[in-house]
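The following exercises examine one protein chain, from its overall composition to single contacts.

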Amino acid sequence: MGTTIRAFQIDPTVFSLITVTFQQEAGSNLAIGRIVRMTGDGIVDLADNTSETNASTTGITAAAIPISTLGAVQFSGLLDVEMVLGLTLLFGEVVYVGANGMGTNVQTAVSGRANCRIGRVSDSSAYNPGGPSPTFAKIAVNLDYPIVVA
């Protein structure tokens, strides 16, 4: 008789949300559940994997943030993150910064681009890989530094 161990179980009472407020100054509203980066002086914009600078993640938008207003960004906790379409998401899988502030489970292999882990899949039951967008997965967020592909 063996022992069954369930890996990566999250206790939401221990894994708390940490929220900070930033100004949104980009060219369009930031939707809820988007991965953002700080561009300077408390201003945020969408993160993406096109470079180390763009992949340097600050957190996940806690609510939609209209242009030129303050909004909440969470950088720790069990959060809903908008994911790119067409993925197969598995429990415990690593999630990276993808395109346009969305998450992906696929590392980039393109030279000069960056892989930045934002956390692990905790629940993908709400994710519909065929759309319609937006499509969210619950991610246990633990931000990391971007690593540039050589």
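Accessible areas come from the Shrake-Rupley method with a 1.4 Å probe, and for residues only the protein chains shown count as cover. The model is predicted: local features need pLDDT of at least 70, side-chain atom pairs count only at pLDDT 80 or more, and totals for chains, interfaces and linings use all residues. Residues are numbered from 1 along each chain as its sequence is written, and side-chain values use heavy atoms, with hydrogens and water left out.

**Exercise 1. Describe the protein chain as a whole.**

Step 1. The accessible surface of the protein chain is about 8000 Å², and carbon and sulfur atoms account for 54% of that surface.

Step 2. Buried means under 20% relative accessible area, exposed over 50%, and partly exposed in between (1.4 Å probe, protein chains only). Of the 150 residues in the protein chain, 41% are buried.

Step 3. Helices (H or I, at least four residues) and strands (E, at least two) are DSSP runs, numbered from the N terminus. The chain contains one helix and 11 strands, in the order β-β-β-α-β-β-β-β-β-β-β-β.

**Exercise 2. Locate each salt bridge and state which parts of the chain it joins.**

Step 1. A salt bridge is a side-chain nitrogen of Lys or Arg within 4 Å of a carboxyl oxygen of Asp or Glu. The whole structure holds three.

Step 2. In the pair E82 and R34, the closest N and O atoms are 2.9 Å apart. E82 belongs to strand β5 and R34 to the loop between β1 (18–24) and β2, so this pair ties together parts 48 residues apart in sequence. Both residues are buried.

Step 3. K138 and D80 meet at 3.1 Å, N to O. This pair links strand β10 with strand β5, 58 residues apart. K138 is partly exposed at 27% relative accessibility, and D80 is partly exposed at 40%.

Step 4. R117 and D144 have their closest N and O atoms 2.3 Å apart. Because R117 lies in strand β9 and D144 in the loop between β10 and β11 (147–148), the pair ties together parts 27 residues apart in sequence.

**Exercise 3. Is N105 buried or exposed, and which polar contacts does its side chain make?**

Step 1. N105 is located in the loop between β7 and β8 (114–115). Its relative accessibility is 16%, so N105 counts as buried.

Step 2. A polar contact is a pair of N or O atoms within 3.5 Å; within protein, one must be able to donate a hydrogen and the other to accept it, and residues adjacent in sequence count only if both atoms are side-chain atoms. A polar atom of the N105 side chain lies 2.8 Å from the backbone oxygen of T88. The side chains of N105 and E93 are joined by a polar contact of 3.1 Å.
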